[in-house]
Amino acid sequence: MDLGLSGKWALVCGASKGLGFGCAQALSREGVHVVIVARTAEALEAAAAKLRADAPAGTQVQAIATDITTADGRAKVFGFRKDYDIVVTNAGGPPPGDFRDWDREAWLKAVDGNMLTPIELIKATVDGMAARGFGRIVNITSSAVKSPIDILGLSNGARSGLTGFVAGVARSSKLAGANVTINNLLPGAFDTDRLKATMEGGAKKAGKPVEEVRNARMKTIPSQRFGNADEFGATCAFLCSVHAGYITGQNVLIDGGAYPGTY
């Protein structure tokens, strides 16, 4: 399927690896010029090299090593290019723990990274998208928005705040009526470095081999496996495509059937 995106410009955050990279790769394969952002320059440049090698001729890939959660970081990104047709927001989730141990600073950091930063990126780009008659914003959040996990309270709270904001703004006729969509993509358990670190921590705490913990976790998923970045990226690319203009304000859960609810 031709997604109708060749020649458009995308900003993809947290794109040096994992799900962010998967989204950048799926878009660049469609001929989308991508600006990828992450904090670690070396890993980001390596990611950019992979994207360039895999993209159609003429597709531009620009790597900007910066912290998108800061005002200076966003200024750096928009200093390179003001207008984007596609924005994929993505920030590392806050650490797990007991809510009794989190102080005000921990909450503010979580909200700033996982709620306010995406809102700032949306604010900076949607009006230009509307003026041009095309725009796609995809926020990578978490399946915990639909099925909260007690030790992920910081993430549950901050990402749910973003979800509530998007539910309103995505339904603005000034945006939806101008072919600008805003959706959230909710990953479950994906085979990323973050999941591997979680598995290793759980195995150490339980005194069990990592492979045993990993297999036990997979058995809780109806698909009997973890997701991969390629299929996540493909879903993101479709939501960004010309074929998805009637999908907006949605929380698209991609978790192998793990969520047990009807709605």
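**Entry 1: strand E5.** I began with strand E5 (135-140) in this predicted model. E5 is mostly covered, since six of its six residues are listed as buried. I then looked up the side-chain directions: Gly 135, Ile 137 and Asn 139 point one way from the strand, while Arg 136, Val 138 and Ile 140 point the other way. Both sets are buried. For neighbours, I found that E4 and E5 pair in the parallel sense over four bridges. Within E5, Val 138 is the bridge partner of Val 88.

**Entry 2: the nonpolar cores.** Which residues touch the most other members of the largest nonpolar core? I found Leu 27, Ile 36 and Ile 86, out of 34 residues in that core. I noted that several elements each supply at least two residues, among them strand E1 (9-13), helix H1 (18-29), strand E4 (86-89), strand E5 and helix H9 (229-240). H1 gives the most, with six residues.

**Entry 3: aromatic rings.** I searched the whole structure for aromatic pairs and found four. Trp 102 has a relative accessibility of 14%, so it counts as buried. Trp 107, at 33% relative accessible area, is partly exposed.

I next took Phe 190 and Phe 232, an edge-to-face pair with 5.3 Å from centre to centre and 80° between the planes. Where in the chain do Phe 190 and Phe 232 lie? I placed Phe 190 in the loop between strand E6 (180-187) and helix H7 (193-206), and Phe 232 in helix H9. The two are 42 residues apart, and the pair links distant parts of the chain. Both Phe 190 and Phe 232 are buried.

The charged end of Lys 8 sits over the ring of Phe 134, 4.3 Å from the ring centre.

**Entry 4: helix H3.** I turned to helix H3, residues 71-80, and found Gly 73, Arg 74, Val 77 and Phe 78 buried. Why do I say that the buried residues line one face of the helix? Seen down the axis of H3, they fall within an arc of 125°, so they line one face. I recall that an α-helix has 3.6 residues a turn, so residues three or four places apart point the same way. On the other side of H3, I found Ala 71, Asp 72 and Gly 79 exposed. The buried residues of H3 pack against E1, E2, E3 and helix H4 (104-132).

**Entry 5: positive phi.** I noted first that most residues other than glycine have a negative phi. Asn 179 has a positive phi, near 65°. I located Asn 179 in the loop between helix H6 (173-176) and E6, and its 27% relative accessibility makes it partly exposed. Gln 224 also has a positive phi, about 65°, although it is not a glycine. Gln 224 lies in the loop between helix H8 (210-219) and H9. With a relative accessible area of 48%, Gln 224 is partly exposed; I checked this value against the cut-off, as exposed requires over 50%.

Key. Residues are numbered from 1 along each chain as its sequence is written. This is a predicted model: local features need pLDDT of at least 70, side-chain atom pairs count only at pLDDT 80 or more; totals for chains, interfaces and linings use all residues. Side-chain values use heavy atoms; hydrogens and water are left out. A nonpolar core is a set of buried Ala, Val, Leu, Ile, Met, Phe, Trp, Tyr and Cys residues joined through side-chain atoms within 4.5 Å. Buried means under 20% relative accessible area, exposed over 50%, partly exposed in between (1.4 Å probe, protein chains only). Rings of Phe, Tyr and Trp (its six-membered ring) pair if their centres lie within 6.5 Å; planes under 30 degrees apart count as stacked, over 60 as edge-to-face and the rest as tilted. A charge sits over a ring if NZ of Lys or CZ of Arg is within 6 Å of the ring centre and within 35 degrees of the ring normal. The arc is that of the directions from the helix axis to the C-beta atoms. Contact means heavy atoms within 4.5 Å. Two strands pair if DSSP finds at least two bridges between them.
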